[in-house]
Amino acid sequence: MARILFLVIAGVGLTSALSTVLSRNLVRAAVSLAGFFFTVACLFILLEAEFLAALQVLIYVGAVSILLMFGIMLTRGVQGTDLVSGPSAARLPGIVVGLVVFAVLGYAIFEEKGLRTQYSWGALDERTAIARGSKEPGSPLRSAVNNMGKVVGVELMTRYVIAFELAGLLLTAALVGAVAVAHREEDETRSTGSGVPPEKPEPTADKPNP
Amino acid sequence: MGSDIPLSWFLLFAAATFAIGIIGVITRKNPIAVLMAIEIMLSAANVNLVAFWRYGPERLDSGPIAGIVLAIMVITVAAAEVAVGIGLVILCYRRWQAADVDRYDSMAG
């Protein structure tokens, strides 16, 4: 049952990923990307990481896809034809590189022998059960899966607190930097160009929108 | 023969989506499409992290949710990367008046 569910979800995910990469219409590609993120969230649920699935839906489907959609809308051409993006000259090398990477990864997945003290994970068919009716009471993994939100909060505040603070610093710097980068030229042209000589004659004249 | 999903299926799915992402990064011309392909690759890495967390042996010295926290960090970095990437794409679009990575040939000005 779970295998059939996985195959269906993986099929939908691979199809939407392929359509993201191959479709010529960028808006369609962005919608397919949202679908792909949703299937990844479904895989997280199959892996019993429901907290991460909710996070994936909130951040990727809710924010990143919409941000990419805004980027597509903001950079479409004056005639509106830049929305359709054809393949570049590197089509054949790209496909060759992708197939070679997939072949190498698949070989590594199936030919992995494992360390001497460990079992090989290439032939790992079962996971340790975390159902409530199982025998041993106090497995840490099981209690973590059963109250994931609490455990994530506690671990982020104790064991991974430095990584947590660094992630906050990275987010702040990235957001401030993104706003600064995207707004600098507009401010320079607005301040009558006393400091920097303009390189283009009138960059703001034929823009459709700020 | 249990009915559980083998670990290698998750790994194969992640490998396939990673390869698709690499194909997209190399073959697409629009910078936003390249960003989308990079996001696909990061999601493939996340699937691998969570699968190894769930199927791997329990290690008490690295905490019960090491894979989850690593995936959360990857999601954070991906969100920051998208924000900066969109800003840079808009800047490049203003500079060259085109959304085509083959025409972005200079870092000056």
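**Entry 1: the overall form of chain B**

I began with the radius of gyration, which is taken over C-alpha atoms. Chain B has 18 Å, while a compact globule of 109 residues would have a value near 13 Å. The globule rule behind that comparison is 2.2 Å times the number of residues to the power 0.38. I then looked at the spans along the principal axes, and the C-alpha trace of chain B covers about 60 × 30 × 15 Å.

A note to myself before going on: this is a predicted model, where local features need pLDDT of at least 70, side-chain atom pairs count only at pLDDT 80 or more, and totals for chains, interfaces and linings use all residues. Residues are numbered from 1 along each chain as its sequence is written, while chains are lettered from A and ligands numbered from 1 in the order in which they are written.

**Entry 2: what chain B is built from**

How many helices and strands does chain B have? I found three helices and zero strands, and from the N terminus on the order is α-α-α. (Helices, H or I with at least four residues, and strands, E with at least two, are DSSP runs numbered from the N terminus.)

I also looked up burial. A residue is buried if 20 or more other C-beta atoms lie within 10 Å of its own, exposed if 12 or fewer, and partly exposed in between, with C-beta atoms placed from the backbone. In chain B, buried residues make up 56% of the 109 residues.

Next came contacts, meaning two residues whose C-beta atoms, placed from the backbone, lie within 7 Å. Among the contacts in chain B between residues at least 6 apart in sequence, 51% join residues at least 24 apart.

**Entry 3: a helix and a residue in chain B**

I checked the length of α3(B). Its 31 residues reach 44 Å from the first C-alpha to the last, close to the 45 Å expected at 1.5 Å a residue. (The expected span is 1.5 Å times one less than the number of residues.) Following α3(B) is Q97(B), with a positive phi near 60 degrees.

Then I picked I38(B), which sits in helix α2 (residues 31-55) of chain B. Is I38(B) buried or partly exposed? I38(B) counts as partly exposed because 18 other C-beta atoms lie within 10 Å. Leaving out residues up to four places away in sequence, I38(B) touches G21(B) and V25(B). I also looked at V82(B), 44 residues from I38(B) along the chain, and their C-alpha atoms are 9.4 Å apart.

**Entry 4: over to chain A**

Chain A is divided into domain 1 (1-79) and domain 2 (140-190), with bounds that come from an automatic or database domain assignment. The C-alpha centres of these two domains of chain A lie 21 Å apart.

Just after α2(A) comes E48(A), which takes a positive phi of about 60 degrees. E48(A) is in the loop between α2 and α3 of chain A. It counts as partly exposed because it has 17 C-beta neighbours inside 10 Å.

Y60(A) was my next stop, in helix α3 of chain A. Why does Y60(A) count as buried? Y60(A) is buried because 25 other C-beta atoms lie within 10 Å. Not counting residues up to four places away in sequence, Y60(A) touches F37(A) and S65(A). F37(A) is 23 residues from Y60(A) along the chain, yet their C-alpha atoms are separated by 6.5 Å.

**Entry 5: where the chains meet**

I found 83 residues of chain A in contact with 68 residues of chain B. Which helix gives the most to the side of chain A that touches chain B? The answer is α4(A), with 13 residues. That side of chain A divides into 59 nonpolar, 13 polar and eleven charged residues. (Ala, Val, Leu, Ile, Met, Phe, Trp, Tyr, Cys and Pro count as nonpolar, Asp, Glu, Lys and Arg as charged, and the others, Gly among them, as polar.)

**Entry 6: confidence**

Last, I looked up pLDDT, the predictor's confidence in each residue, from 0 to 100. Chain B has a mean of 86, and 94% of its residues reach 70 or more. Chain A averages 79, with 70% of the residues scoring at least 70. Over residues 191-198 of chain A the pLDDT is below 50, and this stretch has four contacts in the model beyond near neighbours in sequence. For the complex, the predictor gives an ipTM of 0.91 and a pTM of 0.83.
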